[in-house]
Amino acid sequence: MLKSYLKIAFRNLRRSKGFSAMNIIGLAIGMASAIIILLWIQNEVSYDRYHEKKDRIYEAWNRATLDNKLTSWSTTPKVLARALEKDLPEVEQATRVNWPAQYLLSAGDKRLFVGGNIVDPNFLQMFSFPLIKGDPGASLKETYSLVITEKLAIRLFGKEEDAMGKTIKINNGDDFKVTGILKDLPNNTKFNFECLLPWTYLQKNGGDDNNWNNNSTQTYVLLKSNASLASIEPKIKIFKQKYDGDAKKDNWQMFLYPISRWRLYSDFENGYETHGGRITLVKLFGTIAAFILLIACINFMNLSTARSEKRAKEVGIRKVVGAQKGSLISQFIGESILLAFIAGIIAIIIVQLSLSGFNQLTDKSLFIPYGSPYFWMGAMAFVVFTGFLAGSYPAFFLSSFQPVKVLKGSFKKAHALVAPRKVLVVLQFTFAIILIICTIIVKQQIDYTKDRELGYDKRNLIYLSLTNDMDKNYSLIKNELLTSGVASSITKTSAPITERWNGGTANWGGKDPNDKTEFNKYVEDGSLGATAGLKFVTGRDIDPRRYLTDSTAILLNESALKVMKFKNPLGQIIDDEGRQWHVVGVIKDFIIESPYEPTRPMLIYGPKGWFSTIQIKLNNENSTAQNLKMAETIFKRYNPEFPFEYRFVDEEYAKKFEDEKRTGTLAGLFAGLTIFISCLGLFGLATYMAEARIKEIGVRKVLGASVINITALLSQDFIRLVLVSILIASPVAWLAMHKWLQGYDYRININGLVFVVSGSLAILIALLTVSFQAIKAALANPVKSLRTE
């Protein structure tokens, strides 16, 4: 029986090559799209879920009132980890991870800037990052021990040489010994480092402290196997208040955040986790995958039922000779599973060919796990499910034919049974139009934010990380860059102008005692206004070379001025950092954090602070290449041990839009695929309708109908369906995008023109798809179509 079914299935494939190809291609593209999205979802939900102790690992967070609003954040005091281990019996161990930094690693003639973290020695015992060589418990115990990744070991020493035990100089200073080699980090982890340095090295350099108000590091906690989060929550909540009297007064709280929620759920509002976060994107993409697969299955259903007349006599004869409805259903579903299997093979090929481009687009390293039995089991289940879903309606539809009517030729023609197919076509185009609308609105939001007043001039502006030799020779470097015409202005700052590295409260005369405003804090050594093109509302820039008292000068932005409510800000005193600062100028707000959020109050301090960055305004009278070549020569002269590595501010600012651009690009890609699959089905239906009505078309032509009349006749039914889709899709898309836009303080208003453009585009695409077959049928010679009558 099975052999007979297979023969019939392959015979039908050969007999209707065009329709079979459309079915298989549509299913293959739908399945490939779903597989790629499912691989992306699997990567997202597996973030940091491979650690052996994952069920007991938590991150310590703070919750307190800042800017007069309850806020939560994940940086904590350095002293917290040891205090937790000492005071809470439920804690097995705690480990600290300092902010990531760039280190210059030198081995022989190799010099590389790499990202690294300073961590406690027990970091590799808590987290399961496998060591190829070395002991997880001992690799970071010595002050000058160093753990590097396998890829970094190859970059420094080559494939043939063993890096274990080798000496590496860091930042052209201390020598470190390689005590461990890690497997390269997977891309589904929140950590991003190529080397690990021990916490004792930070202590040696005076970077450790016992200040409970210095929230500057991340603390991870491993609970004992018999401890529960519920038992420790009340203790951790008031833990800081035990050591800091001000924390008790301000009702400062702490809590532990589980590893399972780091990636997908860490979106906080008013101090507590919202229902948003990255999980919203995962759910959205999951819905898109389901709908694309459903649309491909709808194509299969439509084309199969549209061609029901071709299989009607076969069903009738089978029923006459004793075939039961159940066996016919099994046969037709089996045929659809066979088609799904063929489509699945093609889908795997499409996925394999597309993954490199998709990875580049999403900044992932997705791959098909061919060696995993779970993948193949899942793939088979996926194929069977798709085949069953696609073939279920046609199977029940075809098996329901009554043999007497079929063999008499009096059963309903395919074109009379259009209602279910109309519903399915409407569903297809509704989803496609929703995606088109969403793509346009996402692009409009990105463009709107890009056009927002930045507050500084990012053109020809570069920055470099400040190293020891660069700091020592700064005056010489600055003078030579200016006199050689490479730069028009230069300044040292505490951070790049595109990043916020520091913040906190401040005091001033007339401050409300209940005011908890947190300011962005920035440090410059003078000429920041000229270098970055800041706009001054009143006063002047900090200039310690011209004004000796400017070592304690401070600038306010407009938002800070509104908070402090100074009528005459110049000369006012700000108490902060143990010093008194006098206001010399007020600048217009400029964007230093997310361009989608309002600018925060900001204080820019004079040179009595720490510096990490040199910012250079290149001379626009020279070419950029010429400026950079001359700059490299100067930096090599005064900073010979470090490579000349710089970043353009405009490129760094553009990175702030990457997530939204990625979402918009993916929505556009999936919209295109959805439309293609829908049009494939529409083309097939139009082809069959033209064939089914060929005699009617012939009669109409004989009676004087023009090509335009016949084309309009055959197209109008499909265009009506698209119009219905537009009416359904528009409010659904508006609701979805309105909710999405609420996540941005700086956002567009949805314009009705978006729906007009999207609807017109859908109609045009449908018209082009259908009209090809309609015009072909209208141009056919009526003599040939009527000859058999």
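Five residues, F341, I345, I349, L353 and M380, make up a nonpolar patch on the surface. Together they have about 520 Å² of accessible area. Helix α13, residues 325-362, is the main contributor, giving four residues to the patch. F341 sits in helix α13.

The model is predicted. How confident is it? The protein chain has an average pLDDT of 85, and 89% of the residues score at least 70. Residues 413-418 fall below 50. In the model, this stretch still has 12 contacts beyond near neighbours in sequence. Where pLDDT is low, predicted coordinates should not be read in detail.

The table gives its span.

| Helix α25 | Value |
|---|---|
| Residues 707-741 | 35 residues |
| First C-alpha to last | 47 Å |

Now the charged pairs. How many salt bridges does a search of the whole structure find? There are 33. One joins E194 to R155, with the closest N and O atoms 3.1 Å apart. This pair links distant parts of the chain, 39 residues apart. E194 lies in the loop between β10 (174-182) and β11 (195-198). R155 belongs to helix α5, residues 150-157.

Notes. Residues numbered from 1 in each chain as written. Predicted model: local features only at pLDDT ≥ 70, side-chain atom pairs only at ≥ 80, totals over all residues. Heavy atoms only, no water. pLDDT = per-residue confidence, 0-100. Contact = heavy atoms within 4.5 Å. Helix = DSSP H or I, 4+ residues; strand = E, 2+ residues; numbered from the N terminus. Expected span 1.5 Å × (residues − 1). Patch = residues over 30% accessible without salt bridge, like charges linked within 9 Å, V, L, I, M, F, W, Y side chains within 5 Å. Areas by Shrake-Rupley, 256 points an atom, 1.4 Å probe, with all protein chains shown as cover. Salt bridge = Lys/Arg side-chain N within 4 Å of Asp/Glu carboxyl O.
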